[in-house]
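Hi everyone, thanks for coming. I'd like to walk you through one structure today, piece by piece.

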Amino acid sequence: CCRTGGSQVARRRLEEWRLLVGAAQRAGTCRRCGARRSTTLVFCVGCVQVLCPQCAGLQPHPLCELQRCVRCMADGLPVHLMREVMAALDKRTRKSTRDNHARHLHAYRAWALGCVEGSCLPARPVEVLLYVMYCLEHREPVLDATTVQLHVTALSAWHQQAHEAAGEGSGIANPSKDPAVRRILKVALDYYKKPSKAMRPFTLEEWMGVLRRGFPSTRSGRHRLLGVTLCATGPFRPGAVTRMKVHYTVGAGGRVFYGPKSDIWVVRDDPAWPDPYMMIRLTGEMDKNVTANRTRDVPIPARCMGTRPVRMLENYLRHEAPPTGGYLMVAPLGHEGFRAGRYSNLGKAVTSAYKRAWPGRNATGVAGATPRKSMAQWLWRAGRSKREIVDIAGWAQRDRDAADIYFKTQCDVQLHIKEALLHHLRYGRKD
């Protein structure tokens, strides 16, 4: 009897929170400023009123409707200082992660329309269990077990924010921590995991064929060749290459001079390295493993894996002349112009280059991640250590030892490794 009464109380409290979430979803105006907002409104559990994200001191599209506004968070202390604190805490989650969470929550809400009356959040564990099975068995198309885990992670993030806003004793429990939900996710991985669709690396033969026959002698061909070469020799994700901006001028004799704001430039007269080499500076907007307040410099030698990246870059700047201050990889248009906006088809360029170079071969697994994965595989095949590969590719190390912070693979060593890589793959390592 006591257990039944307790469950009824918890159910009533859950319904009360759902009513507040529904009020925030239905409200059209902010109670503080009175303005209509196109962004999601939130319910402040401290002020007990619906607010727009701006008045609440939040990002324009908050994940959870249950929040505590900046005034309530400050609790009598200076509000402007609390705004700085909240803005700093928001940096902990990348924009891409927030966008993914929002998309997965939208999918959950769309499913819940046919199962749950009113608002579906906060969710009960049994509802999450039903949603997981729907995604695995009945959705068209069904989702992979790993993708379903991402959906549950989004639900977990929503409930975590709601619990932090409502406080202890609020009755908001995170359903992803329920034992049954955890078991069903393990079952999903064991019995519903689809075959891997991970991109595969190029073999050395395939890579050389792509360089020689994969790109036509046109503006678009030279543009794609440069992008694919940067992805492989960096190595970089396609998104990083397409976000690189270049500031430059072409001087007398065709020499290229780079501005201080350029993400890509050529280093000359370095006493530690005899030849000019390319340097690319990655920011947090370009690479997820680089935090917003830091950068990572990536050197590329003048000769690397059968290409001449420095010559390729500067010939492209001299003859094709992409707009200075804009994206290096902006797509060419016609014989002289360029398209507006950032180039987004580099992954397709890799696949089409492979099909052009190797007609009749199976191109399954060849896509935008292939060049980056190829460099890692080539380095491993050439006998390079895991630490060298991690430093060159820029992967995050979550299990670093204390000694790892005292040394790294320096620029001239990375240049030597990349420059000698093709020789090592062909004839064996002879350092």
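Let's begin with Cys 47, which is partly exposed, with a relative accessible area of 26%. A quick word on those labels: buried means under 20% relative accessible area, exposed means over 50%, and partly exposed is in between, with a 1.4 Å probe and protein chains only.

Before going on, please keep in mind that this is a predicted model, where local features need pLDDT of at least 70 and side-chain atom pairs count only at pLDDT 80 or more, while totals for chains, interfaces and linings use all residues. Residues are numbered from 1 along each chain as its sequence is written, and side-chain values use heavy atoms, with hydrogens and water left out.

Cys 33 is in no disulfide, and its nearest cysteine sulfur, that of Cys 30, is 3.7 Å away. Cys 33 is partly exposed, at 35% relative accessible area. Back to Cys 47: this residue is in no disulfide either, and the nearest cysteine sulfur belongs to Cys 72, 3.3 Å away.

Now to the sheets. Strands of a sheet pair through backbone hydrogen bonds, either parallel or antiparallel. For today, two strands pair if DSSP finds at least two bridges between them. Strands (E, at least two residues) and helices (H or I, at least four residues) are DSSP runs, numbered from the N terminus.

Strand S1 (residues 42-44) runs antiparallel to S2, and three bridges join them. Can you find Phe 43? It stands opposite Val 50 in S2.

Another open sheet of three strands has the order S7-S8-S9, and here the pairing is antiparallel. Strand S7 (264-267) and strand S9 (296-300) are at the edges with a single partner strand each, so one side of each is left without a neighbour in the sheet. Neighbouring strands of this sheet are turned by 30° against each other on average, direction ignored; the axes behind that angle are lines fitted to C-alpha atoms (for helices, over the stretch in contact), and angles run from 0 to 180 degrees between N-to-C directions. Strand S8 (residues 277-282) and S9 are joined by five bridges. Met 279 stands opposite Pro 299 in S9, and the bridge partner of Met 278 in S9 is Ile 300. S9 is mostly covered, with four of its five residues buried.

Next, charges. Side chains of opposite charge can pair when their charged atoms come close. We call it a salt bridge when a side-chain nitrogen of Lys or Arg is within 4 Å of a carboxyl oxygen of Asp or Glu. A search of the whole structure finds 19 salt bridges.

Glu 320 and Arg 219 form one of them, at 2.7 Å from N to O. Glu 320 lies in the loop between helix H12 (309-319) and strand S10 (326-327), and Arg 219 lies in helix H10 (residues 219-233), so the pair ties together parts that are 101 residues apart in sequence. Buried or exposed, what is Glu 320? Buried, with a relative accessible area of 9%. Arg 219 is buried too, at 10%.

Glu 314 and Arg 318 also form a salt bridge, with the closest N and O atoms 3.5 Å apart. Both lie in helix H12, four residues apart, about one turn of the helix. Glu 314 counts as buried at 5% relative accessibility, whereas Arg 318 is partly exposed at 31%.

Finally, the rings. The structure holds eight aromatic pairs. Rings of Phe, Tyr and Trp (its six-membered ring) pair if their centres lie within 6.5 Å; planes under 30 degrees apart count as stacked, over 60 as edge-to-face and the rest as tilted. The ring centres of Trp 111 and Tyr 134 are 6.4 Å apart and the planes are at 35°, so this pair is tilted. Ring pairs also link Tyr 108, Trp 111, Tyr 131 and Tyr 134 into a cluster.

That's my tour, thank you!

Technical notes:
Disulfide = S-S within 2.5 Å.
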